[in-house]
Amino acid sequence: MLIDSHCHLYLDDFKTDIKEVVIRAEAEGVNKFYLPGIDSSEIENILLLEEKFPGKCIAMMGLHPCSVMENYQDELAIVADWLSKRKFAAVGEIGLDFYWDKTFTDQQYIAFKIQIELSLQYNLPIVIHTRNAMQETIDVVKEFVPKGVRGIFHCFGGCYENAREIIDAGFYLGIGGVVTYKNAGLAEVLKKIELIHLVLETDSPYLTPVPFRGKRNESSYLKYIVEKIAQIKNVSVEEVAAVTTSNAEKIFGL
Ligand SMILES: [Zn+2]
Ligand SMILES: [Zn+2]
């Protein structure tokens, strides 16, 4: 059994063949799909997919840093409202992204911290997105470690020192297709990191692993990520599956 801890299967990319996508994933042993939030425009699609595949597709709630704009306070109010109304697997994806646009840097920090506070209020893990902001993101998380914040750094692509700091903060590393890319350097980092700190993700439809790099990603491709990690760690695919699944269950509490 495998868990895709981070996939956007509710996006239009999957509109015509989501059923086949889920069937193909299940044929590869992937039977839980955690759906990170982006902003209010996608909430309905996430909840509809959850309804369509109960117990398999599981919703998170959060405002993505790339969706932090002028109206971010309204968006945060919507996140807070949903969290008060029903159960979600996590607050996510949240964090800092200075890659595309730095106009709303200050607001990104505010939104990140407010949503961490919400995760603590509802005793939920957080799923962190960080791009071109690794150290800044780690520093924010560290502020909240004494209060009990926990969760995943999704799509981890940092160096060994970053990984160490994240693990020391009690967080897990979400490993996806990047691990199959040559020159990414992630394989060297993972050689020194124990499996008990890792969870698996595809981030579908993005970050497609080799041999399908460049095409649409889907959850059945998790198997290429598992195989690559097994090869790097010199263990069986069964061991990678068992440990990472148990890690994801611990985080999401299911
Ligand atoms: Zn992300
Ligand atoms: Zn994502």
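Here are some questions and answers about this predicted model.

User: Thanks! Which residue in E2 stands opposite Leu2?

Analyst: E1 and strand E2 (residues 30-35) are parallel partners, with three bridges between them. Within E2, the residue opposite Leu2 is Val30.

User: On to the metal site: which residues coordinate the zinc ion (ligand 2)?

Analyst: The donor residues follow the sequence spacing H-x1-H-x84-E-x109-D. Their distances to the zinc ion (ligand 2) are 2.0 to 2.6 Å. With the donor atoms named, they are His6 (NE2), His8 (NE2), Glu93 (OE) and Asp203 (OD).

User: Is the site of that zinc ion tetrahedral or irregular?

Analyst: A tetrahedral site needs all angles to lie between 85 and 135 degrees. The angles among the four donor atoms of the zinc ion (ligand 2) are 86 to 177 degrees. The site is therefore classed as irregular.

User: Which residue coordinates both zinc ions?

Analyst: The zinc ion (ligand 2) and the zinc ion (ligand 1) are 3.3 Å apart. The residue that coordinates both is Glu93.

User: How many residues apart are His6 and Glu93, and are they buried or exposed?

Analyst: His6 belongs to the loop between E1 and helix H1 (18-27), while Glu93 is in strand E4 (residues 91-97). The pair links distant parts of the chain, 87 residues apart. As for accessibility, both His6 and Glu93 are buried.

User: One more, please: why does Gln115 count as buried, and which backbone nitrogen does its side chain reach?

Analyst: Gln115 sits in helix H4 (residues 105-121). Gln115 counts as buried because its relative accessibility is 1%. Leaving aside neighbours within four places in sequence, its contacts include Gly62, Leu76, Val79, Val91 and Ile94. At 2.7 Å, the side chain of Gln115 reaches the backbone nitrogen of Leu63.

Notes:
Residues are numbered from 1 along each chain as its sequence is written. Chains are lettered from A and ligands numbered from 1 in the order in which they are written. This is a predicted model: local features need pLDDT of at least 70, side-chain atom pairs count only at pLDDT 80 or more; totals for chains, interfaces and linings use all residues. Side-chain values use heavy atoms; hydrogens and water are left out. Two strands pair if DSSP finds at least two bridges between them. Helices (H or I, at least four residues) and strands (E, at least two) are DSSP runs, numbered from the N terminus. Donors are N, O and S atoms within 2.8 Å of the metal (3.2 Å for Na, K and Ca); water is not among the atoms, so sites may look incomplete. Four donors count as tetrahedral if all angles lie between 85 and 135 degrees; four count as square planar and six as octahedral if opposite donors are over 155 degrees apart and all others between 65 and 115; anything else is irregular. Buried means under 20% relative accessible area, exposed over 50%, partly exposed in between (1.4 Å probe, protein chains only). A polar contact is a pair of N or O atoms within 3.5 Å; within protein, one must be able to donate a hydrogen and the other to accept it, and residues adjacent in sequence count only if both atoms are side-chain atoms. Contact means heavy atoms within 4.5 Å.
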